[in-house]
Structures are given as C-alpha cells and as structure tokens.
Amino acid sequence: MGRSYKHAIVIGASLGGLCAARVLSDVCERVTVYERDELPSGPENRAAVPQGRHVHLLMARGAQEFESLFPGLLDDMVADGVPILENRPDCIYFGAAGHVLGTAHRLQDEFTAYVPSRPMLEWQIRRRVLAIENVDVVHTSVTEPVYDAARGRVTGVLLDSDEMVPADLVVDAAGRGTRLPVWLEKWGYPRPQEDTVDVGIAYASQRVKIPDGLLAEKVVVAGASHEQRVGVGALFYEDGVWNVTTFGIAKAEPPQDFAQICAVADEILPAHFSSALRQGTPLGEMAFHKYPTSRWRRYDKLDRFPDGIFPFGDAVVSFNPTFGQGMTMTAIQAGNLRKVVESGAPDVAKRLAKSTAKTTYPVWMMTVIGDLALHDATTTDETPRWYKPVGSLFDQFLGAAETDPVLAEWFLRRFSLLDSLYMVPSARLVGRTIRHNMKLWLAEKRSA
Ligand SMILES: Cc1cc2nc3c(=O)[nH]c(=O)nc-3n(C[C@H](O)[C@H](O)[C@H](O)COP(=O)(O)OP(=O)(O)OC[C@H]3O[C@@H](n4cnc5c(N)ncnc54)[C@H](O)[C@@H]3O)c2cc1C
C-alpha cells in the first residue's frame, strides 16, 4: 500500500493511541507516539491510566477487533496466563440491574472471551506497536498542536521541551481529559456539543488471592440497581489473583475497606463466592476512582473543523465504565479509521467522526437508557421520551432472562457487542418475553 502521509503524530500511548498508531503505520512513512507517562517494560499499572487498577472487562467483540489489528495477540495472551472462557456459562456469574441471568444452562451458541487485566492487555498491544518498524514511542508530553491559521490546518505539535515537531496528521488520543475543545476555540472553531449523563459512579477495588479450587468462575458480575446501589465486578486475572471492584452508582459510596467489600459480596453474590472471598487474602492497597459523567463529544455535528488533526478513543466518547465497553469501542474506532484512511479520501477527520458516530450511537443509547431507567442517573440533555419506558420494558426482558436461557444468551451476546451493536430484541424475542413473564405471573397467582 502507498504511503499517503509522511509523518503522523499520536498524542497518548494508551489503548487508543496505540491502536491509531497501528492503523496509521500502514499509510504513513513514519508515526511518532508521544506519551507523557513513563511506560513500564512489562504488564504494570501506569500513573496516567489510574483506571487500570480497576476491573476491565474485555468484551468478546473487543477481543476479535484487537486480534484483527494485532494478529496473534490472543494466543500470546493465553500463553502468558490470561484466562480463556471457552465454556462461558460455567465460568461466569452475571447479574444486570438486579437480575441474575439464567446462564446455568448450556448456551446454544457459546462464544470465546478472554480475561486479561488492563495492564496486561495494554502491554501486549504496546510491545506489538513498539515492534513496528516505522513507529516510535517517545516519553514526552505534548503541550499543544501547532495551528497554521493561514492554511486552516494543524501542522505539528509543540512538545513540553519547546521543540516543534512537524507532521501532516496529528491524532488526539489523550483520553477523556483532552484539551482539543479548548484548542479549537482558541483557533476560532466551535467547540463540539457534549452529550453527557451524570452517572455519579465511584469505584473501589481490592486485589484478592483466593485459595485455589474454591471457585470455577472467572468472571463474576452483579450490576447495581435502584434497590442495590453498589455493584460488584470480580475478574480472575492472569496472575492468579482476583481483582474485586465494587462501584456505587448515583453517588452511592462504595466500600472503603476489605471488610465492607465482603459485606457487599454477602448481600449480592452467591454464598459460595462471598465465602471464598472471605477466605482470601487482600493484596496491596485498595484503589479508588470517581467517574461522575459519561461524555460524548459530538465532533460529527461540527460544520467547521481544522485539517490535519482528529480526536480518537476516549477523547471522543467515554462510556459509563460499569458497562465495560470503552476498550472495545476504541478498537471499533480503529476499524473505522482503517476504512477511512485506506479509502484515500480527503476529510479524514470528518469521515472518521461520521463513521464513529454511527458505531457509537447504538451503544451510547443503550447505556443512556440503562442509566436513566435503571441506575438513577440524570442528564440535562434532551433525551427522547421513549428512553425511560423502553428502559422499564428492558427491565422486564432481563427479568425473563433470569429463567429463560434463550433470552439470557441473546442478552449476553449483545452486551458483549457481538452480532450487532444494537440492543434491540426482535418481535419474536419480545413475544417470548411477554409469554414467559405471563406464565411466571400466572404460576405465582395460582400458588398464592
Ligand atoms: C474506572 C474505569 C473502568 C473502566 N473499565 C472498563 C472496562 O471494564 N472495559 C472497557 O472496555 N473499558 C473500560 N474503561 C474504559 C477504558 O479504560 C478506555 O476506554 C481506554 O483506556 C481507552 O482510552 P484512551 O486510550 O482513549 O485514553 P486513556 O486510556 O485515558 O489514555 C490517554 C493517554 O494519553 C496520555 N496523554 C494525555 N495527555 C497527553 C499529552 N499532553 N502528551 C502526551 N501524552 C498524553 C496519557 O498519559 C494516557 O496514557 C474504564 C474506564 C474507567 C475510567
């Protein structure tokens, strides 16, 4: 393939920046990734990615997308001890909005999932990017992009050493704290409209070594609900240690110590899990993180945008992390970027913003409906009036999925972003839900 660009600069070497660099390495003579954080030589947590200390669920779709960007990634992760969930129902306990899915039955169409810790996934990807011949990853902070007003385009970046580095393409993969909206305003462009949902989430996580043989599960999730405002997500990672993350929704305080984590587990997880947890040994300090607001910056709606730069990853959209979709959606953005740059069309930023909006919309809509209807979140944005009733109907769907494995399977596949990004059941499944709930209701009435 011909090289359309001489030099691309990527700001940020987290998952977003690394995926963008991978794609651009095929269409640029040279790619330089600048990262302000010191990058460890192994799978370790980083100060600038504090969320890495909390559970990161890699959706089955995300695993597929990362594998297509970095062939061999999944096998290498498994070789490095990353648990694989081939027989998912036996390994997973999954509760959503107060409903425990009926996955005790064998699912008809099982799918493979992987459980790498966030530092492991990032390191595996980072070492692959470091091995790409025309990509350099440099430890330094970018002060700001350089904007040429006469040409209406970004022409490089200014580093914190005061060095100016020219580039014909700059990618802002600086995460949700990006300053791109501020820079746009400074250069005379409109800031993007921001769709936001105040989710008021607070995370508290503890790594726990649980004695071998006590648990068959690798993934244990009990989402929060109106009634139970603290949820748990516990994952068994490659180092043989469980990361137990608790999270309060709508400003509910999560546990502050291990005893409180165990108390939450007693309340909302199966007895065998909370008993195993109590036999476990907490390792290291607890980690805390606040996530007040989900945010989608609507670059797709801007009429004017400078050439030579585009935002990527969480810099565009940061989803409620308790749904576990951010990394997968970043990988999907990378697929969008590949299509746009390989088409050779001009207006990369505009085309990417449009295609990313297309893939973001269904997933954003699903999380917003869930948050507003089931998680007591609020928003000052105008949302369609059907969001809340649809959320309540979905609650009924999840209720039926507790005892109907067909509905549970459908939900798990869609939640994992497989098959389609739209969490919209067919008329056949809606009918099945109604019939199932009617039967339960009649049985209850008869036995009352
Ligand atoms: C608490 C929490 C839990 C989460 N759980 C999940 C989960 O279960 N599953 C999931 O899929 N996703 C999850 N996510 C989302 C996931 O972490 C992100 O989607 C993912 O990290 C992609 O982000 P990114 O690369 O765009 O940005 P980030 O990971 O935020 O990285 C931005 C990078 O840019 C660098 N940078 C910033 N400014 C500069 C600068 N000026 N110069 C140089 N470098 C700079 C930073 O140092 C950092 O390395 C979670 C997020 C949070 C907050």
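Tutor: Helices and strands are DSSP runs numbered from the N terminus, where a helix (H or I) needs at least four residues and a strand (E) at least two. In this way the chain comes to 13 helices and 18 strands, and Leu-235 is found in strand S14, which covers residues 230-236. The model is a predicted one, in which local features need pLDDT of at least 70, side-chain atom pairs count only at pLDDT 80 or more, and totals for chains, interfaces and linings use all residues.

Student: Why is Leu-235 called buried?

Tutor: Buried means under 20% relative accessible area, exposed means over 50%, and partly exposed lies in between (1.4 Å probe, protein chains only). Leu-235 has a relative accessibility of 2%, so it counts as buried.

Student: What makes Gln-228 buried, and where in the chain is it found?

Tutor: Its relative accessible area is 18%, and therefore Gln-228 is placed among the buried residues. Gln-228 is found in the loop between strand S13 (219-222) and S14, and its side chain reaches the backbone oxygen of Val-230 at 2.8 Å.

Student: How do you know whether Asp-376 is buried, partly exposed or exposed?

Tutor: The relative accessible area of Asp-376 is 27%, so the residue is partly exposed. Asp-376 lies in the loop between helix H10 (348-374) and helix H11 (387-401), and its phi is near 55°, a positive value in a residue other than glycine. Ala-250 also has a positive phi, of about 45°, although it is not a glycine; with 17% relative accessibility, however, Ala-250 counts as buried.

Student: What makes helix H1 mostly covered?

Tutor: Of the 10 residues in H1, 10 are buried, among them Leu-15, Cys-19 and Leu-24. For the chain, buried residues make up 58% of the 448 residues.

Student: How do you know that the radius of gyration of the chain agrees with that of a compact globule?

Tutor: The radius is taken over C-alpha atoms, and the globule rule is 2.2 Å times the number of residues to the power 0.38. For 448 residues a compact globule would have a radius near 22 Å, and the chain has 22 Å, so the two agree.

Student: Which residues come nearest to the ligand?

Tutor: A residue is near a molecule or strand if one of its heavy atoms lies within 4 Å of it. Of the 33 residues around the ligand, Ser-14, Glu-35, Leu-57, Arg-118 and Met-327 come nearest. Helix H9 gives the most to this shell, with 4 residues.

Student: Why is the ligand said to lie between two domains?

Tutor: Domain bounds come from an automatic or database domain assignment. Domain 1 (5-48 + 119-192 + 296-368) and domain 2 (73-118 + 196-293) both give residues to the shell, and therefore the ligand lies between them.

Student: Which atoms of the protein are 3.0 Å from an oxygen atom of the ligand, and which are 2.9 Å from a nitrogen atom of the ligand?

Tutor: An N or O atom in the side chain of Arg-46 is 3.0 Å from an oxygen atom of the ligand, and a polar backbone atom of Val-142 is 2.9 Å from a nitrogen atom of the ligand.

Technical notes. Residues are numbered from 1 along each chain as its sequence is written. Side-chain values use heavy atoms; hydrogens and water are left out. A polar contact is a pair of N or O atoms within 3.5 Å; within protein, one must be able to donate a hydrogen and the other to accept it, and residues adjacent in sequence count only if both atoms are side-chain atoms.
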